[in-house]
Amino acid sequence: SKLEAAAMLGLLLALGALFGAVQAYTIGVDVSQLFPVSDWQCVKKDGYTFGIVRCYKSNGAVDSNCAASVANAWSAGMAHVDVYIFPCPTCSKTGAQQIDELYNYLKSNNVKYGQVWLDIEGSQYWSSSTSTNQGFFNSMLNEAVAKGMNPGVYTSSTQWNPIMGSSFTAGKSHPLWWAHWDSTFNPCLSNFASFGGWTKAAMKQYAGDQSFCSMSVDKNCY
């Protein structure tokens with residue numbers, strides 16, 4: 001009957017709207033350890049379609065697992081794979097030198113990646129002087145730009161403001177990967193509050209330190 005047809009159409013439209021809402025966000029994981037292709041395949045099967053891999057460690061050295069980790073993510077069918085640097089601001093190497101080390105490693109190992117994220121967190125890793133930290137950040141950022149590494153910044157207001165100072169906005173023209181552990185990808189970015197010159201975020205880390213598919217991961221959305 002026409003009534004039944006209308007009811008069925010309404011149900012289909014409602015399901016379509018629900019499916020559309022669920023599919024509105026792209027989700028992925030970031031890792032700081034090496035995991036096999038099979039684990040990445042498990043992640044992909046559960047709907048996570050991108051990966052971000054640590055490639056430089058807080059002790060001031062390249063992460064030797066980086067190339068294999070990135071390759072495994074690609075092999076599992078990830079749509080995008082990025083890398084991140086957890087720098088050592090108190091080491092003798094400048095920010096630019098640490099970026100150069102990472103750049104040379106990625107190039108010599110033919111690592112395919114979308115962009116590099118500068119990890120700004122943990123005041124214990126940084127100087128007590130915001131001006132010193134600003135200089136280190138600028139050194140990293142400028143070198144990453146010069147090397148064509150397509151840099152973005154990983155941070156949150158609670159990390160950025162104590163480390164860099166709330167009025168420091170040198171990163172604002174680059175994408176922000178926003179750390180905000182509210183445990184949900186819906187909403188993903190609409191609850192963002194401006195800081196550091198950023199008026200929007202490109203991506204959100206919504207859950208940290210998750211045990212998932214035999215991996216230790218953080219979960220992200222955009």
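## Ground rules

This is a predicted model, where local features need pLDDT of at least 70 and side-chain atom pairs count only at pLDDT 80 or more, while totals for chains, interfaces and linings use all residues. Numbering runs from 1 along each chain as its sequence is written, and side-chain values use heavy atoms, with hydrogens and water left out.

## The largest pocket

Let's start with the largest pocket, which holds about 350 Å³ of space. A pocket here is an open set of points on a 1 Å grid over the protein atoms alone, where a 1.4 Å probe fits, with protein on both sides within 12 Å along at least five of seven lines. Volume is the space filled by probe spheres set on the points, which are joined across faces, edges and corners.

Its lining (residues with an atom within 4 Å of a point) runs to 19 residues, and Asp30, Ser32, Tyr84, Asp209 and Asp218 lie nearest the centre. By class you get 7 nonpolar, 5 polar and 7 charged residues; Asp, Glu, Lys and Arg count as charged, Ala, Val, Leu, Ile, Met, Phe, Trp, Tyr, Cys and Pro as nonpolar, and the others, Gly among them, as polar. Strand 9 (215-221) gives the largest share of that lining, 3 residues. Strands are DSSP runs of E with at least two residues, helices are H or I runs of at least four, and both are numbered from the N terminus.

## Strand 9 and its partners

Strand 9 is largely enclosed by the rest of the structure, because 6 of its 7 residues are buried, meaning under 20% relative accessible area with a 1.4 Å probe, protein chains only. Strand 9 pairs antiparallel with strand 1 over 4 bridges, and with strand 8 over 6 bridges; pairing takes at least two DSSP bridges. Asp30 sits opposite Asp218 of strand 9.

Phe212 has Met215 as its bridge partner in strand 9.

## Helix 2

Helix 2 (residues 37-45) has Asp39, Trp40 and Val43 as its buried residues. They cover an arc of only 100 degrees around the axis, so they are on the same side of helix 2; the arc is that of the directions from the helix axis to the C-beta atoms. These buried residues pack against strand 1, strand 2, helix 3 (66-75), strand 8 and strand 9, with contact meaning heavy atoms within 4.5 Å.

Note on methods. Buried < 20%, exposed > 50% of the residue type's maximum accessible area, 1.4 Å probe, protein only.
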